[in-house]
There are 2 protein chains.
Amino acid sequence: MNSLSEIACFLESRDKYVILTHIYPDGDTLGSAFALCRALRKLNKQARVLINGTLAEKFSYLATNMEEQNFEYETVVSVDIASPELLGAFKDEFESKIDVCIDHHASNSMSAKMIYVNSEAASNCENIYRLIKQLETQIDPLMANCIYTGVCTDTGCFKFTNVTPDTMRIAAELMELGCKSAEINKAMFDTKSFARINIEREVLNTLSFYEENKIAVVYTTLEMEKRSGAKDSDMDGLAALPRQIEGVCIGITVKEKGENYFRISVRTNDGHDAAWICSKFGGGGHFAAAGCSINGQLDEVIKQIVNVSIEELNR
Amino acid sequence: MNSLSEIACFLESRDKYVILTHIYPDGDTLGSAFALCRALRKLNKQARVLINGTLAEKFSYLATNMEEQNFEYETVVSVDIASPELLGAFKDEFESKIDVCIDHHASNSMSAKMIYVNSEAASNCENIYRLIKQLETQIDPLMANCIYTGVCTDTGCFKFTNVTPDTMRIAAELMELGCKSAEINKAMFDTKSFARINIEREVLNTLSFYEENKIAVVYTTLEMEKRSGAKDSDMDGLAALPRQIEGVCIGITVKEKGENYFRISVRTNDGHDAAWICSKFGGGGHFAAAGCSINGQLDEVIKQIVNVSIEELNR
């Protein structure tokens with residue numbers, strides 16, 4: 001593992017950056033990437049973010065005032081990417097070419113010339129904040145917006161157990177540096193499309209319980225998404241729903257992504273290990289929030305993930 | 001208006017405190033009161049909190065390890081109480097006897113010997129935090145829990161526009177002082193009873209829109225509460241729902257409290273004045289979050305509050 005100052009020195013010595021984000025890009029990988037890209041450009045480097053999928057409308061402000069730069073890349077940085085699988089379509093081209101990996105997942109299994117993994121950081125954007133502080137540049141308001149986005153989204157707006165006093169103080173400083181924290185909070189946590197309201201209503205109707213209500217499961221199907229008009233971005237955070245119910249230890253959200261193909265989100269309370277559950281299906285994540293994919297029919301998929309969850313309950 | 005240090009001196013010079021909370025007691029009035037009560041007791045004063053109604057189960061931790069104290073009161077403090085009406089059942093006995101009023105509502109209209117109103121504070125608990133810092137005592141973990149409760153509940157867990165860098169830094173320090181922030185966040189913002197899930201589903205079905213979807217209204221009836229098994233504490237925060245919908249400027253929640261008697265919550269976006277709307281019905285509050293009561297039949301009450309909201313939209 002390298003120190004942030006080693007990485008800062010390295011970044012200042014190189015040029016022509018591509019910054020990789022993970023599949024199903026969230027506020028933390030995108031915020032990390034755009035903040036770092038802006039910082040590198042302020043150092044007169046060429047840099048661009050490679051978005052792993054599409055940039056959801058609600059994250060479009062991260063790219064404000066960033067003109068396109070076309071160049072042949074020389075330096076590859078991955079941000080918030082815990083494992084090669086999360087490189088998705090970038091895996092073949094980039095897996096063996098990563099110069100710098102900056103992450104906050106304890107389970108990080110990436111190969112890179114330089115690695116900085118700080119799992120004490122609630123969001124990878126906390127790491128990026130500290131890294132940019134070591135670079136010969138200042139955090140400007142647009143950078144602050146990017147960093148704040150990861151800080152707030154990965155903590156459920158400062159709600160989760162991963163929040164530390166440092167998290168709060170970094171947010172305070174980002175506010176002073178001009179980030180539009182309240183606007184970002186509202187866009188991330190307090191704005192629901194009509195489609196979202198519809199899909200929430202549908203999801204509540206799928207709620208089922210196992211093991212004396214200690215496990216709660218909801219699901220969405222492609223049909224439900226179509227009926228409600230929900231796009232991917234309307235589905236964000238639905239995974240938080242089953243764990244919120246009083247007494248639930250393991251909350252599971254099963255999302256149909258294609259024919260016989262489901263994406264699973266597991267959220268846990270009270271010391272149960274979501275990452276362990278998801279690892280049984282080749283997935284991973286954090287202790288209290290993890291994900292995996294399972295092939296099969298809906299009822300079979302639910303049975304499989306519930307069975308492993310029962311195992312975890314009894315471990 | 002008095003300074004906090006004047007109030008600190010006064011509090012240290014007196015004894016036998018009752019601390020008044022407002023009707024429909026929320027996390028901020030309760031957190032303020034219990035924190036101050038604990039601080040006064042550490043100064044070897046006698047002090048008790050007068051709860052204006054019942055202490056909801058989810059707030060019961062605020063009173064942890066506080067044995068009852070019976071004494072004839074000599075000093076009266078009101079916390080987070082913006083107007084005499086909010087004294088509710090305490091009004092007759094206490095309205096003219098308040099020694100110290102500590103509040104954060106710009107609209108404060110209380111009479112008291114000493115008054116400190118700081119409307120820059122996102123929560124009154126920020127004021128209480130600063131006040132206790134001026135007293136000859138330390139903030140212990142149980143006090144920190146109380147203060148944190150107001151800080152997080154009045155900001156929607158650091159989400160609303162009232163959050164300042166100070167809010168974040170106070171929260172950081174409270175975490176270091178031993179408050180159980182993550183547990184409190186979870187209890188306040190991430191725990192839904194079965195009844196709550198049921199009432200949410202019902203409330204979503206009452207959603208109606210006015211003025212090209214700029215005004216959204218939901219309602220609850222006593223019948224709905226009964227059917228879902230929802231108690232008052234299960235209804236907390238429902239008022240946030242209509243404003244969350246994309247494009248909504250004024251979100252209104254109408255709650256049946258008795259026969260032909262409704263409690264209204266108004267939440268606004270984009271510069272619309274909720275307090276102005278509610279003032280037309282004898283209520284008040286903050287710019288973006290206010291409340292009032294209206295007598296009448298449900299559809300009439302909705303018509304009245306919507307009409308004034310249309311006026312506000314066009315002001």
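**Group meeting talk: helix packing and a few residues in a two-chain model**

Let me start with one pair of helices: helix 2 of chain B passes helix 4 of chain B in a left-handed crossing. Left-handed here means that the near helix is turned anticlockwise from the far one by less than a right angle, and clockwise would be right-handed. Helices are DSSP runs of H or I with at least four residues, strands are runs of E with at least two, and both are numbered from the N terminus.

Some housekeeping before I go on. This is a predicted model, where local features need pLDDT of at least 70 and side-chain atom pairs count only at pLDDT 80 or more, while totals for chains, interfaces and linings use all residues. Residues are numbered from 1 along each chain as its sequence is written, chains are lettered from A and ligands numbered from 1 in the order in which they are written, and side-chain values use heavy atoms, leaving out hydrogens and water.

Back to that pair. Helix 2 of chain B covers residues 27–42 and helix 4 of chain B covers residues 124–134; they pack at an angle of about 10 degrees, with axes 8 Å apart. That makes the two helices of chain B roughly parallel. The axes are lines fitted to C-alpha atoms, for helices over the stretch in contact, and angles run from 0 to 180 degrees between N-to-C directions. Under 35 degrees counts as roughly parallel, over 145 as roughly antiparallel, 65 to 115 as roughly perpendicular, and the rest as oblique.

Who touches whom? From helix 2 of chain B we have Asp28(B), Gly31(B), Ser32(B), Ala35(B), Leu36(B) and Ala39(B), and they meet Asn124(B), Cys125(B), Ile128(B), Leu131(B) and Ile132(B) of helix 4 of chain B. Contact means heavy atoms within 4.5 Å. By class, this contact of helix 2 with helix 4 of chain B has seven nonpolar, three polar and one charged residue. Nonpolar is Ala, Val, Leu, Ile, Met, Phe, Trp, Tyr, Cys and Pro; charged is Asp, Glu, Lys and Arg; the others, Gly among them, are polar.

Helix 2 of chain B has another partner, helix 5 of chain B (residues 141–153), at an angle of about 160 degrees and with the axes 8 Å apart. These two helices of chain B are therefore roughly antiparallel to each other. The crossing of helix 2 with helix 5 in chain B is left-handed. On the helix 2 side of chain B, the residues in this contact include Gly31(B), Phe34(B) and Arg38(B), and on the helix 5 side they include Met143(B), Cys146(B) and Gly150(B).

Now over to chain A. How many residues of helix 4 of chain A are buried? Eight of its 11 are, among them Cys125(A), Glu126(A) and Tyr129(A). Buried means under 20% relative accessible area, exposed means over 50%, and partly exposed is in between (1.4 Å probe, protein chains only).

Helix 1 of chain A (residues 4–13) packs on helix 4 of chain A at about 60 degrees, with their axes 9 Å apart. That makes helix 1 of chain A oblique to helix 4 of chain A. Their crossing in chain A is right-handed.

A few single residues now. Tyr116(A) sits in strand 5 (residues 114–117) of chain A. With a relative accessible area of 11%, Tyr116(A) is buried. Leaving out residues up to four places away in sequence, Tyr116(A) touches several others, including Met1(A), Ile7(A) and Asn127(A).

Val306(A) belongs to helix 13 (residues 298–314) of chain A, and at 4% relative accessibility it counts as buried.

Next, backbone angles. Most residues other than glycine have a negative phi. Lys16(A), not a glycine, has a positive phi of about 55 degrees; Lys16(A) lies in the loop between helix 1 and strand 1 (17–20) of chain A, and is partly exposed at 23% relative accessibility. Cys157(A) has a positive phi of about 60 degrees, in the loop between helix 5 (141–153) and helix 6 (165–176) of chain A. Is Cys157(A) buried or exposed? Buried, at 2% relative accessible area.

Last, the two chains together. A rotation of 180 degrees with 0.0 Å of shift along its axis superposes chain B on chain A, RMSD 0.0 Å. The two copies are thus related as by a two-fold rotation axis. The superposition is by least squares on C-alpha atoms of residues with pLDDT of at least 70 in both copies. And 100% of the interface residues of chain B are also interface residues in chain A, so the copies meet through the same surface.
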